[in-house]
Amino acid sequence: MSRILSRSTRQIYNQSILQPHHAVSARFYAKEAVPKGLKGDEMLKGIFFDVKKKFETAIGILRKEKITIDPEDPAAVSQYAKVMKTIREKADLFSESQRIQYTIKTRTDGIQDARSYLLALKEIRLKRGLTDEIGAEGMMMEALEKVEKELKKPLMRNDKKGMALLMTEFEKVNQKLGIRKEELPKYEEQLELKIAKAQLEELKKEAHEAMDTQKKREEFKDEEMVDVKSLDIRNFI
């Protein structure tokens with residue numbers, strides 16, 4: 001069961017060390033505010049206690065909230081997403097959309113042309129395992145090609161007039177796809193539900209693998225495998 005629990009809490013560690021404020025902390029600790037010889041130690045100590053605090057906050061919430069490992073049940077998926085959202089808010093962690101935004105900001109910083117920027121967005125999407133189900137990327141690239149053809153040169157991101165033309169074309173793409181800026185919170189919620197379902201599917205898979213391993217042991221060979229939906233993670237924390 002520890003394998004299953006670790007799957008729920010693993011992202012707490014991942015998100016904690018990826019928070020942008022740690023980059024600020026590192027710079028802070030590198031200054032003269034810390035005595036000579038203790039800079040590295042103090043920086044690591046600060047990060048450790050921050051991660052420890054976030055982890056303990058997450059565990060405290062997981063001890064109270066019921067999680068049903070049933071990715072096919074919309075109610076179970078919604079509850080899991082709600083629990084993870086509570087953990088993020090209480091432990092000051094990124095939501096998935098916020099992590100994507102931060103990744104885009106850091107990885108595209110310094111990219112000067114619009115085409116390389118769009119290609120970087122595609123690479124980020126693929127690495128995060130997100131699918132472009134509506135074909136938005138292709139339409140955005142077509143919009144860029146249209147603008148560059150009109151400008152008769154590659155579009156640079158510091159070209160205000162050219163970027164304004166591209167934004168106009170992107171707005172047309174959004175209209176074709178039925179995407180409205182005022183509905184962005186709804187799209188974010190849908191993304192979080194998809195991620196919650198994927199994580200529950202992974203939890204279910206690991207639970208079955210753990211039980212299969214257990215069943216191979218002589219003392220458990222006659223035991224029937226329980227339905228993972230009946231497992232209560234709170235009993236194992």
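Modeller: Gladly! On a 1 Å grid over the protein atoms alone, a pocket is an open set of points where a 1.4 Å probe fits, with protein on both sides within 12 Å along at least five of seven lines, and its lining residues have an atom within 4 Å of a point. Grid points are joined across faces, edges and corners, and a volume is the space filled by probe spheres set on the points. This is a predicted model, in which local features need pLDDT of at least 70 and side-chain atom pairs pLDDT 80 or more, while totals for chains, interfaces and linings use all residues. Residues are numbered from 1 along each chain as its sequence is written, and side-chain values use heavy atoms, without hydrogens and water.

The second largest pocket has a volume of about 320 Å³. It is lined by 14 residues, and A81, K85, R88, E189 and E192 are the closest to its centre. Two elements each give two or more residues to this lining, α4 (74–91) and α9 (184–215); helices are DSSP runs of H or I, at least four residues long, numbered from the N terminus. The largest share, six residues, comes from α4. Sorted by class, the lining holds seven charged residues (Asp, Glu, Lys, Arg), four nonpolar ones (Ala, Val, Leu, Ile, Met, Phe, Trp, Tyr, Cys, Pro) and three polar ones (the others, Gly among them).

Now follow the chain past α4. D92 sits in the loop between α4 and α5 (96–108). Most residues other than glycine have a negative phi, yet phi of D92 is near 60 degrees, a positive value. D92 is partly exposed, because its relative accessible area is 47%, and that class lies between buried (under 20%) and exposed (over 50%), with a 1.4 Å probe and protein chains only.

With a relative accessible area of 75%, K152 counts as exposed.

Of its 237 residues, 31% count as buried. Among contacts (heavy atoms within 4.5 Å) between residues at least 6 apart in sequence, 66% join residues at least 24 apart.
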